[in-house]
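Welcome to this short tour. Please open the model in your viewer and keep the selection tool at hand.

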Amino acid sequence: MKVLLTGAAGFIGMHTALLLAERGDEVVGLDNMNSYYDVTLKDARLARLVGRPGFRFVRGDVADRPAMAALFAREKPQRVVHLAAQAGVRYAAENPAAYIDANLVGFGNILEGCRHNQVEHLVFASSSSVYGSNTDMPFRESQSVDHPLSLYAASKRANELMAHAYAHLYALPVTGLRFFTVYGPWGRPDMSLFSFTKRIRAGEPIEIFNMGRHSRDFTYIDDIVEGVVRTLDHTASAAANFDPRRPDPSISSAPYRIYNIGNNQPVELLHFISCIETALGRTAIRKLLPLQPGDVEATYADVDSLADAVGFRPRTPIEVGISRFVAWYENFYQN
């Protein structure tokens with residue numbers, strides 16, 4: 001099928017584009033190549049895609065309404081995977097306008113493109129950050145997510161609500177995926193695994209927030225991509241068991257679904273760091289700091305809904321995933 005994939009030069013986007021192209025889909029990859037982090041890494045990711053059979057790259061910004069309308073009208077994708085977004089919890093406090101433009105205006109343009117061009121299914125990236133101040137774990141899609149702790153989280157929750165409105169008003173099948181701390185080769189430099197690895201290798205101190213008492217449901221990139229592609233193939237439909245008197249926010253009488261994609265095994269940050277030390281064969285210099293504004297202390301995904309729907313659960317152990325990342329990192333930056 002023909003798939004429009006936004007954020008194609010991003011971490012998850014590149015891996016998803018590779019899998020779709022390898023299985024024979026026609027992928028139109030969109031990215032604006034912004035400078036939120038090192039563009040040379042984005043260029044290197046894109047170099048793995050450009051020239052590959054089944055993949056075409058288009059440079060563009062999802063927040064550019066005329067350009068997006070023209071792209072949808074020209075390409076007529078059957079399905080859309082929307083991964084483009086302004087990422088980062090802490091950066092949201094410094095530059096909120098970037099999140100409003102990319103995550104709200106941009107997502108609105110994606111929804112409009114899908115509506116006016118008979119797209120069969122839209123799969124979009126949400127985030128575990130929507131669970132905010134919730135401490136009832138593991139996080140289940142049926143729980144309330146109305147207390148976000150950052151503008152990034154609020155923008156992702158807004159995406160879920162916008163998507164539901166389009167599913168209800170226009171019968172547009174939409175599926176939102178709440179990703180839980182994605183890591184692995186070709187990852188983002190602003191993520192902890194990347195920065196910890198860089199500093200430990202250089203013999204520099206690493207800053208460990210919340211005194212290392214964080215725990216995260218770290219999810220390996222291959223598992224995330226498997227979940228994205230399986231849900232893309234599993235078109236959202238109305239839930240026969242939806243009860244409007246006791247509405248479950250993860251389902252609807254409209255063709256709308258929300259799924260967690262997490263490893264279902266939270267890992268304490270200090271163990272996470274120990275795994276990096278083991279993979280590098282070096283010991284970190286640790287600087288313990290208090291909790292940062294906008295951060296949550298723990299994430300833990302219940303993935304039963306995903307498993308029931310598409311027959312898949314993430315399964316990569318943290319030790320294996322970190323070892324693969326460190327091997328990629330040392331090879332990439334050595335070369």
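Before the first stop, a word on classes: Ala, Val, Leu, Ile, Met, Phe, Trp, Tyr, Cys and Pro count as nonpolar, Asp, Glu, Lys and Arg as charged, and the others, Gly among them, as polar. Keep in mind, too, that this is a predicted model.

**Stop 1: the cavity**

How many cavities of 30 Å³ or more does the structure hold? There is one, and the space in this largest cavity comes to about 90 Å³. Select Val182, Tyr183, Met191, Leu193 and Phe194, which are the closest to its centre among the 14 residues that line it. Now colour β7 (182–183) and α7 (192–202), the elements that each give two or more residues to the lining of the largest cavity. The largest share, three residues, comes from α7. Sorted by class, the lining of this cavity has nine nonpolar, four polar and one charged residues.

**Stop 2: a pocket**

Next, select Glu141, Ser250, Ile251, Tyr259 and Ser305. These lie nearest the centre of the second largest pocket, which 13 residues line. Its volume is about 160 Å³. Two or more lining residues come from each of β11 (256–261) and α10 (304–310). Which classes make up the lining of this second largest pocket? Four of the residues are nonpolar, three are polar and six are charged.

**Stop 3: helix α6**

Select residues 151–170 to see helix α6. Its 20 residues should span 28 Å at 1.5 Å a residue, and the end C-alpha atoms are 28 Å apart, so the two agree. Among the buried residues of α6 are Tyr152, Ala153, Lys156, Asn159, Glu160, Ala163 and Ala167. An α-helix has 3.6 residues a turn, so residues three or four places apart point the same way. What covers the buried residues of α6? The cover includes α4 (91–94), α5, β5 (121–127), β6 (174–179) and β11. Just past the end of α6, click on alanine 171, where phi is positive at about 55°.

**Stop 4: cysteine 114**

For the last stop, go to helix α5 (residues 96–116) and pick out cysteine 114. Is this residue buried or exposed? Cysteine 114 counts as buried because its relative accessibility is 1%, and buried means under 20%. Beyond its neighbours within four places in sequence, cysteine 114 is in contact with Phe72, Val80, Val119, Leu122 and Leu172. Finish by drawing a line from cysteine 114 to phenylalanine 72: they are 42 residues apart along the chain, yet 7.6 Å separates their C-alpha atoms.

How values were computed: Residues are numbered from 1 along each chain as its sequence is written. This is a predicted model: local features need pLDDT of at least 70, side-chain atom pairs count only at pLDDT 80 or more; totals for chains, interfaces and linings use all residues. Side-chain values use heavy atoms; hydrogens and water are left out. Helices (H or I, at least four residues) and strands (E, at least two) are DSSP runs, numbered from the N terminus. Buried means under 20% relative accessible area, exposed over 50%, partly exposed in between (1.4 Å probe, protein chains only). Contact means heavy atoms within 4.5 Å. On a 1 Å grid over the protein atoms alone, a cavity is a set of points where a 1.4 Å probe fits but cannot get out, and a pocket is an open set with protein on both sides within 12 Å along at least five of seven lines; lining residues have an atom within 4 Å of a point. Grid points are joined across faces, edges and corners, and a volume is the space filled by probe spheres set on the points. The expected span of a helix is 1.5 Å times one less than its number of residues.
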